[in-house]
Amino acid sequence: MRIAVAGGTGAVGRHVVDVVRERGHEPVVLARSQGIDLVTGVGLAEALQGVTAVIDVASVQTQSADASKQFFGTVTTNLLQAEKAAGVAHHVALSIVGSDKAPYGYYAGKAEQERVVAAGDVPWTLLRATQFHEFAAQMHGQIMVGPLMLVPRMRSRPIAAREVAERLVELATGVPAGRVRDLVGPEERRMADMVRAYSAAIGGRGRIVEVPLPGGFGRALRDGTLLGEADVDHGVQTYEEWLAALPGA
């Protein structure tokens, strides 16, 4: 089976491509490095020839709700139109747990993505997952005030990107199922503690301070909105196991 991976060079996309190969399928990477622009649609029509399923894990670096909605709305529309023309039978999209209940900032784009997928003509499956273990590394050093490293007060159930990739490929090789059960990590953690542990693992310095973010999104980070409901599937790898596997740890 030929399976196209939108965003196949990203943090989770690389894992998806690996899993596709390991399971005996042919990956088609949809990324600018391969001459394919998801925002303009350049190269999509040719790349999707003979493709049975598309896994969309494309992302954008922004905290602007408008920019996020523009990106995900445009990319998803381009993918679905090209998939329909090419006869692709299955569109699999990765979203975030709680994006429908906290449509702020980056999450606003994920909510828009879900809307476009559900309204499209290509049979689809939607998986929501919690933040990856790598999210703590992304937060490390992102907001500095003098010697202080600020981290939002946030409750999370971090999950291994590899496990999310495995689930996505499993879904892509099955029949379209609409929205499936959320996939969350094996345990709840506070983001500040995760960043402290990551900093210690890489020999980082500086004091890490937890701060509450204002507004609806800040409230969602704190109140458990992003943890998932009771009826969810759980990953296996813990955050500590992920840390121990880091190079040089």
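Me: Contact means heavy atoms within 4.5 Å. Which residues does Ala65 touch, not counting residues up to four places away in sequence?

Reply: Ala65 touches Gly105 and Ala108. This is a predicted model: local features need pLDDT of at least 70 and side-chain atom pairs count only at pLDDT 80 or more, while totals for chains, interfaces and linings use all residues. Residues are numbered from 1 along each chain as its sequence is written, and side-chain values use heavy atoms, leaving out hydrogens and water.

Me: Where does Ala65 sit?

Reply: In helix α3, residues 65-86. Helices (H or I, at least four residues) and strands (E, at least two) are DSSP runs numbered from the N terminus.

Me: Is Ala65 buried, partly exposed or exposed?

Reply: Partly exposed, with a relative accessible area of 28%. Buried means under 20%, exposed over 50% and partly exposed in between, with a 1.4 Å probe and protein chains only.

Me: And how far is Ala65 from Leu30 in space?

Reply: 24 Å, C-alpha to C-alpha. They are 35 residues apart in sequence.

Me: Zooming out. How many helices and strands are there in the chain?

Reply: Nine helices and 13 strands. The radius of gyration is 18 Å, close to the 18 Å that the globule rule gives for 249 residues, so the chain is as compact as a globular protein of that length. That radius is taken over C-alpha atoms, and the rule is 2.2 Å times the number of residues to the power 0.38.

Me: What does the C-alpha trace span?

Reply: About 55 × 40 × 35 Å along its principal axes. Buried residues make up 50% of the 249.

Me: What share of contacts between residues at least 6 apart joins residues at least 24 apart?

Reply: 80%.

Me: Aromatics next. How many pairs does a search of the whole structure find?

Reply: Six. Rings of Phe, Tyr and Trp (its six-membered ring) pair if their centres lie within 6.5 Å; planes under 30 degrees apart count as stacked, over 60 as edge-to-face and the rest as tilted.

Me: Why is the Phe71 and Phe72 pair edge-to-face?

Reply: The ring centres are 5.1 Å apart and the planes are at 85°, so the pair falls in that class. Phe71 and Phe72 are both buried. Ring pairs also link Phe71, Phe72 and Tyr106 into a cluster.

Me: What about Tyr239 and Trp242?

Reply: Stacked, 5.6 Å centre to centre with 25° between the planes. Both lie in helix α9 (239-244), three residues apart, about one turn. An α-helix has 3.6 residues a turn, so residues three or four places apart point the same way.

Me: Switching to α8. Which residues of that helix are buried?

Reply: Gly216, Phe217, Gly218, Ala220 and Leu221, in a helix of residues 215-223. They pack against α4 (106-119), β7 (148-152) and β8 (155-156).

Me: What follows α8?

Reply: Gly224, with a positive phi near 95°.

Me: Last one. Where is Arg190, and which residues does Arg190 touch?

Reply: Arg190 lies in strand β11 (189-190). Not counting residues up to four places away in sequence, Arg190 touches Arg153, Met154 and Glu210. Arg190 is partly exposed at 34%.
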